Amino acid sequence: MLERLSSNKRINIYIFFIMCFALLLLYHRNPAFMDEADNLLGALNIANGSDIYKGYFSQHTPFVYYFMSIFAIVGVRDYETFRLCMSMVILLTWVFMYCRYSTYFGKKTILIFMLIYALTLNITWGYMILSDVFQGYAVLILLFEALIFQKEKSLTIKSMIIISMCIFISIMSAFVSVYPVFFIALLFLYNILMLPTKEIPIRLKEYIKLAVIIIIPFLILIAWYLLTGNLENFYEQAYQMNRTYYSNYLGGFGSSVIDLFKSTPLNWTGHIKNYLLTVNKDTIFNSLLVIFNLLFVHIQFKNSKVSGIILFFFLGFCGIRGYTDFHSLNYYIISFFCVSYVVEYYFLRISEISEIKRVGIKVLVFLIFLVSFNSYIPNAGINLFKGKGVLAQNIYYDSYIQELTNEDDSVWITSLTPQSYINNHRKPSSRTTTLVPWFYDAYKTVMINDLKENKPELIIFEKDNEVWGHVYSEFAPTILEYINQYYNCLNEYDSVEKNIYVKKERYKEISEKLWPEASQLEEGKLVSNQSRIFLIENGLKRHIASPEIFNEKGYDWNSIIPINDETISKIKTGPEISGLTK
């Protein structure tokens with residue numbers, strides 16, 4: 001009977017894992033984002049035989065590039081399959097967490113964590129291939145090991161290897177992980193100091209062994225970069241870039257990493273105050289996380305005041321890149337564990353606590369799942385049954401890239417849409433795959449030299465658009481000068497085509513390919529595709545801005561020739577006819 005019950009429980013666990021994985025899959029084809037594309041482009045670069053910081057410039061640390069290159073090396077090339085691989089990685093991480101940590105923290109704790117993570121994908125973007133996902137899970141597992149050490153007071157070789165891997169993964173996924181890792185180290189150190197004095201020397205060899213195991217993967221990476229002549233590039237791009245160039249625009253480390261130790265506690269306590277005092281339908285999710293985090297700290301504080309204080313600051317520094325929205329996933333992942341830990345803790349003691357506490361905990365649990373489920377529903381299953389290439393599609397430029405270039409041709413997409421390289425299977429012409437102000441400041445000469453050497457078939461340069469408040473033509477004038485020297489924009493009068501540049505020697509050929517219909521229509525004719533009216537003039541279609549302008553110009557409504565959308569699209573756009581235009 002007991003064996004049957006045990007077997008039934010195991011089946012229920014399997015079903016739960018399958019359900020959470022299915023919840024992941026319903027989001028794995030949601031739209032893509034440039035940070036994710038950056039990780040995949042770096043992985044493809046490695047699979048093609050080059051390396052990060054040499055053949056592919058990046059201001060990020062390298063772990064995710066190398067990890068995703070495993071899939072690229074075995075032939076994965078499209079977004080959808082990369083996402084499926086990522087979902088499998090998350091599933092395997094859950095299995096590992098359950099097998100190793102459910103004994104210490106309770107099976108329900110791990111299962112509740114999985115469910116909350118899956119149901120909040122719409123809030124956290126946790127379905128994407130982001131460094132934040134790897135960072136978050138690595139820091140969470142470090143927290144697990146620290147809490148186990150607090151209880152067991154000893155480390156096994158397995159624990160040491162896990163700690164070493166997670167420190168490496170977290171810091172090499174996002175360098176700001178050094179801050180939460182620092183507080184985890186403080187927690188370890190405090191618990192070591194709490195050992196009986198006579199035991200510390202006995203365990204000294206154990207701690208030395210841990211330190212050696214921790215440093216090994218970092219030494220391997222440094223040795224690899226030394227051997228490949230890439231160490232200076234790694235330092236310059238992954239660290240120095242963020243301090244000297246990026247910090248001039250969007251923060252980074254600034255001039256001193258100590259500054260963040262000063263500002264983050266203020267940001268953290270400010271976040272707590274704001275989300276406890278201003279609870280409404282838009283803030284309730286983050287307010288609930290604050291409450292559960294404080295309850296987690298309270299539980300730890302009851303066991304050890306110093307540990308509780310350290311964990312309070314640890315939680316604050318998990319959100320060093322933010323506590324809400326993008327780049328907050330590390331904080332969210334740790335918070336989800338706090339929720340599941342608190343739920344397990346109080347429900348095991350439900351009969352021991354007061355009626356008010358029982359009701360309060362049940363209400364909080366109900367709300368967190370209600371809000372999570374409500375956030376999950378809107379985008380679940382998007383693009384699930386559509387063909388490949390939809391989730392990373394650029395509706396403005398992809399069709400031009402596909403029509404005007406061949407697969408594996410070299411192109412340069414300066415806008416924040418590097419997804420188009422992957423979606424269209426095109427090679428970046430520059431080692432800087434997008435154009436942002438801090439990369440321009442650091443590498444404008446490199447960009448120009450790359451363009452001269454690779455001679456891209458097509459360049460997308462949105463000269464009038466902004467990136468984080470900086471107009472492309474203003475912050476990158478030498479790039480625009482080079483482009484104008486060797487390339488023509490497709491059509492200065494079209495809002496999309498004015499950003500697409502092709503080689504001057506190919507412009508005539510491409511014009512005939514894109515706009516073959518103009519010669520078929522008589523000069524001066526009025527045509528309409530039922531939604532807009534155009535005048536054919538000098539081989540161009542000129543939109544007539546309004547009925548009033550039509551009448552003002554003296555055109556005849558009865559002379560309009562109906563024309564279909566396909567035909568009108570094959571006539572080059574000219575300047576609009578308005579009250580100020582002849």
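This is a predicted model: local features need pLDDT of at least 70, side-chain atom pairs count only at pLDDT 80 or more; totals for chains, interfaces and linings use all residues.
Glu509 is partly exposed, with a relative accessible area of 46%, where partly exposed lies between buried, under 20% relative accessible area, and exposed, over 50%, computed with a 1.4 Å probe on protein chains only. Its partner Arg506 counts as buried at 19% relative accessibility, and the two form a salt bridge whose closest N and O atoms are 3.3 Å apart; by salt bridge I mean a side-chain nitrogen of Lys or Arg within 4 Å of a carboxyl oxygen of Asp or Glu.

Residues are numbered from 1 along each chain as its sequence is written, and side-chain values use heavy atoms, with hydrogens and water left out.

How many salt bridges does the structure hold? There are 15, and one of them joins the side chains of Lys388 and Asp78 at 3.4 Å, N to O. Lys388 lies in the loop between helix H16 (355-376) and helix H17 (398-404), and Asp78 in the loop between helix H3 (63-73) and helix H4 (79-105), so this pair ties together parts that are 310 residues apart in sequence; helices here are DSSP runs of H or I with at least four residues, and strands are runs of E with at least two, numbered from the N terminus. Lys388 is exposed at 61%, whereas Asp78 is buried at 15% relative accessibility.
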